[in-house]
Amino acid sequence: MVEWTDFERATIQSIFSKMDYDDVGPAALSRCLVVYPWTQRYFGNFGNLYNATVTAGNPMVAAHGKTVLRGLDRAVKNLDDIKATYAELSVLHSEKLHVDPDNFRLLADCLTIVVAARMGADFTADVQGAFQKFLAVVVSSLGRQYH
């Protein structure tokens with residue numbers, strides 16, 4: 001079980017309460033697909049994602065990016081039991097979709113970059129620490145089925 005400080009809880013909840021899911025989700029996923037092009041293999045039905053402009057403008061990338069953030073919102077609401085919250089998603093990604101679990105970390109890194117860019121100076125080292133701790137717990141929980 002993860003121990004959260006009051007600052008970490010408040011920070012994570014604040015970030016997600018102010019986040020524009022329609023902007024951040026698509027931006028993070030499209031960044032991941034461009035920076036780490038091998039992740040595109042899981043999105044073959046999204047069409048050609050041959051450059052950053054096309055990927056950023058792809059409506060299926062945008063929709064899935066929003067879905068990812070709504071999924072993260074579930075973890076924000078269940079900070080004390082993220083592993084149980086993601087048990088079914090872990091099985092889905094492991095057994096049905098066969099997603100390499102390292103891709104969760106890559107997407108988390110891209111999400112951190114996008115959030116940092118949107119928050120600017122408010123994304124202090126302490127805020128980043130809380131956010132990345134949260135994402136590390138999420139990534140671990142999604143990868144749990146793989147172990």
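Modeller: One term to begin with: a residue is called buried under 20% relative accessible area, exposed over 50%, and partly exposed in between. Also, this is a predicted model.

Biologist: How many salt bridges does the count come to?
Modeller: The count comes to seven salt bridges.

Biologist: Start in helix 7. Which residue does Asp109 meet in a salt bridge?
Modeller: Asp109 pairs with Arg105, at 3.1 Å from N to O. Both residues lie in helix 7 (residues 102–119), four residues apart, which is about one turn of the helix. Salt bridges with shared partners also join Asp102, Arg105 and Asp109 into one network.

Biologist: Is Asp109 buried, exposed or partly exposed?
Modeller: Asp109 has a relative accessible area of 25%, so it counts as partly exposed. Arg105 is partly exposed too, at 37%.

Biologist: Now Lys133. What does its side chain meet?
Modeller: The side chain of Glu8, in a salt bridge of 2.9 Å, N to O. Lys133 is in helix 8 (residues 125–142) and Glu8 in helix 1 (residues 6–18), so this pair ties together parts 125 residues apart in sequence.

Biologist: And Glu8, buried or exposed?
Modeller: Glu8 is buried, with a relative accessible area of 13%. Lys133 is partly exposed at 26%.

Biologist: What about Asp22 and Lys66?
Modeller: Their side chains form a salt bridge at 3.8 Å, N to O. Asp22 belongs to helix 2 (residues 21–35) and Lys66 to helix 4 (residues 59–77), so the pair links parts 44 residues apart in sequence. Asp22 is exposed at 54%, while Lys66 is partly exposed at 24%.

Key. Residues are numbered from 1 along each chain as its sequence is written. This is a predicted model: local features need pLDDT of at least 70, side-chain atom pairs count only at pLDDT 80 or more; totals for chains, interfaces and linings use all residues. Side-chain values use heavy atoms; hydrogens and water are left out. A salt bridge is a side-chain nitrogen of Lys or Arg within 4 Å of a carboxyl oxygen of Asp or Glu. Helices (H or I, at least four residues) and strands (E, at least two) are DSSP runs, numbered from the N terminus. Buried means under 20% relative accessible area, exposed over 50%, partly exposed in between (1.4 Å probe, protein chains only).
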